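Please look first at the sequence and the three-dimensional picture below, and then read the report beside them.

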Amino acid sequence: MSKSRGLKTSSPTPVSTGKAGVRYRQEALEAFYDGFKAAGIDFAVFLPDSMLDGVEQLILERGGIDAYQCSREDEGVAMAMGAFLVGKRPVALMEGSGIGLSALILARGIVQKTPTMLIAGHNSTLGERYDYHGATRLVAEPVLRALDIPYHVLFDPREIQTVIVEAQATIEGQRIPVGILVPSHVIREMGEK
């Protein structure tokens, strides 16, 4: 596995808009990054999506967490679980459909006790503005429930850091994956499409 090239950005303001052109809530982006650092997260893998792009760009901009881009979400989950095996504290960021695509590798991770933190946007929460996210919304929570993976739906940016730290404690204590679902209103400026 090699670090993807070209992920670093020279943009001076990636935390305010991300590369997706979305206006993010700055305090939410900072809370994610601070939560990752407080939880000891040192490995991040993501498949870019518009909901979490601001978080991913902040990780790249700050440079304190090894960051990798995957081509499929199940590949990203496998990379994160492999990182756990070598002593890393990983997080995999994706849209909700990625949870659906990752059911088999998540099941394997549960059996093998190789967990990771999962952060998913475009999930079954309210606030999705486009019909093309309809299928995406259908799979995240049902797959997490079917695999008995604990998850938390964020409703307030002020809880982000605490939830991340507590999720990591559960991951390390129970050696199971934990999901954190991110509704649009938590991370985007209100009224942002």
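A residue is called buried when its relative accessible area is under 20%, exposed when over 50%, and partly exposed in between, with a 1.4 Å probe and protein chains only. This is a predicted model, in which local features need pLDDT of at least 70 and side-chain atom pairs count only at pLDDT 80 or more, while totals for chains, interfaces and linings use all residues. Residues are numbered from 1 along each chain as its sequence is written, and side-chain values use heavy atoms, with hydrogens and water left out.

Helices (H or I, at least four residues) and strands (E, at least two) are DSSP runs, numbered from the N terminus. The buried ones are Asp53, Gly54, Val55, Glu56, Gln57, Leu58, Ile59 and Leu60. After H3 comes Gly63, which has a positive phi, near 75 degrees. The charged end of Arg62 sits over the ring of Tyr33, at 5.2 Å from the ring centre; for this term, NZ of Lys or CZ of Arg must be within 6 Å of the centre and within 35 degrees of the ring normal.

The structure also holds 2 aromatic pairs. Rings of Phe, Tyr and Trp (its six-membered ring) pair if their centres lie within 6.5 Å, and planes under 30 degrees apart count as stacked, over 60 as edge-to-face and the rest as tilted.

| Pair | Centre distance | Plane angle | Kind |
|---|---|---|---|
| Phe32 and Phe36 | 6.2 Å | 50 degrees | tilted |
| Phe43 and Tyr68 | 5.0 Å | 25 degrees | stacked |

Phe32 and Phe36 lie 4 residues apart in helix H2 (residues 26-38), about one turn of the helix, and both are buried. Phe43 belongs to strand E1 (residues 43-46) and Tyr68 to strand E2 (residues 66-69), so this pair ties together parts that are 25 residues apart in sequence. Phe43 and Tyr68 are buried as well.

Strand E4 (residues 117-121) is mostly covered, with 5 of its 5 residues buried. In a regular strand the side chains alternate between the two faces of the sheet. From E4, Met117, Ile119 and Gly121 point one way, and Leu118 and Ala120 the other way.

Two strands pair if DSSP finds at least two bridges between them. Strand E3 (residues 90-95) runs parallel to E4 and is joined to E4 by 5 bridges, with Met94 opposite Ala120. Strand E6 (residues 178-181) is also parallel to E4, with 4 bridges, and there Gly179 is the bridge partner of Leu118.
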